[in-house]
Amino acid sequence: PLAMGADDDLLLLASDLGYGFIARLGDLQTRNRAGKAALNVGKGGKMLPVSRVVDTSPQRIAVVSNAGRLLVFAADELPQMTRGKGVKLAALKGDEQERLVGAVTLGMDQALTLHAGNRHLTLKPEDLAAYAGVRGRRGKTLPRGFQRVSGIRAAG
């Protein structure tokens, strides 16, 4: 079988509807050929790219919405589950069809790169403090020109 990592490796699973959780890679394996659903994304939702969690204690999770809002919170605020919908990562406005465009784990000394069209913005660890908050909140608005985020990734 193809190995993607050790059974104890942790992954962040999230949907664009604003829910997610941390799962062990070993819990996601199945004997069934058809597989099994790990993340219940809900009607009209889709799964975001998976992010590896190195260690939950010194890690942060950054989530960004298509409305240009960024929220950074401690990874230990997120439960470890085997499957399900997860918990609310960030508050989204339902009437405006706001969705998450990215969710990524960051070390305390890692920067975050945001992509908006052909432009990108790298926020240093000290810059991310301005976007820190409690899981499930709305997050803070990004600077002008970077409010139509198409993707995020850990940098450095």
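How many of the residues of strand β1 (residues 10–14) are buried? The points below take this up after a word on the model.

1. **Basis.** This is a predicted model: local features need pLDDT of at least 70, side-chain atom pairs count only at pLDDT 80 or more, and totals for chains, interfaces and linings use all residues. Numbering starts from 1 along each chain as its sequence is written, and side-chain values use heavy atoms, with hydrogens and water left out.

2. **Confidence.** pLDDT is the predictor's confidence in each residue, from 0 to 100. The chain averages 86, and 88% of the residues score at least 70. Among the elements, strand β5 (residues 69–74) has the highest mean pLDDT, 95. Helix α1 (residues 25–28) has the lowest, 76.

3. **Layout.** The chain holds 2 helices and 11 strands. Both are DSSP runs numbered from the N terminus: helices are H or I with at least four residues, strands are E with at least two. From the N terminus the order is β-β-α-β-β-β-β-β-β-β-α-β-β. Of the contacts with a separation of 6 or more, 70% link residues 24 or more positions apart. Contact means heavy atoms within 4.5 Å.

4. **Strand β1.** To answer the opening question, 5 of the 5 residues in β1 are buried. Buried means under 20% relative accessible area, exposed over 50%, and partly exposed in between (1.4 Å probe, protein chains only). Side chains in a regular strand alternate between the two faces of the sheet. In β1, both faces are covered. Leu10, Leu12 and Ala14 are buried on one side, Leu11 and Leu13 on the other. For the chain, buried residues make up 37% of the 156 residues.

5. **Partners of β1.** Two strands pair if DSSP finds at least two bridges between them. β1 runs antiparallel to strand β2 (residues 19–24), with 5 bridges. Leu11 stands opposite Ala23 there. The two strands form a hairpin with 4 residues between them, and Gly18 in the turn has a positive phi of about 95°. β1 is also antiparallel to strand β3 (residues 51–53), through 3 bridges. Here Leu10 stands opposite Val53.

6. **Open sheet.** Four strands make an open sheet in the order β7-β4-β5-β10, with antiparallel pairing. β7 (100–107) and β10 (140–141) each have a single partner strand, so one side of each is left without a neighbour in the sheet. Strand β4 (residues 59–65) joins β5 through 5 bridges. Arg60 has Ala74 in β5 as its bridge partner.

7. **Val101.** This residue is in strand β7. Val101 is partly exposed, at 24% relative accessible area. Leaving out residues up to four places away in sequence, Val101 touches Leu48, Val64, Ser65, Asn66 and Val149. Its C-alpha atom is 9.4 Å from that of Ala67, 34 residues apart along the chain.

8. **Thr113.** Thr113 sits in strand β8 (residues 111–116). Is Thr113 buried or exposed? At 1% relative accessibility, Thr113 counts as buried. Its side chain makes a polar contact with the side chain of Thr122, at 3.2 Å. A polar contact is a pair of N or O atoms within 3.5 Å; within protein, one must be able to donate a hydrogen and the other to accept it, and residues adjacent in sequence count only if both atoms are side-chain atoms. Beyond four places in sequence, the contacts of Thr113 include Gly151, Ile152, Arg153 and Ala155.

9. **Charge over a ring.** Lys85 lies over the face of Tyr19, 4.2 Å from the ring centre. The rule asks for NZ of Lys or CZ of Arg within 6 Å of the ring centre and within 35 degrees of the ring normal.
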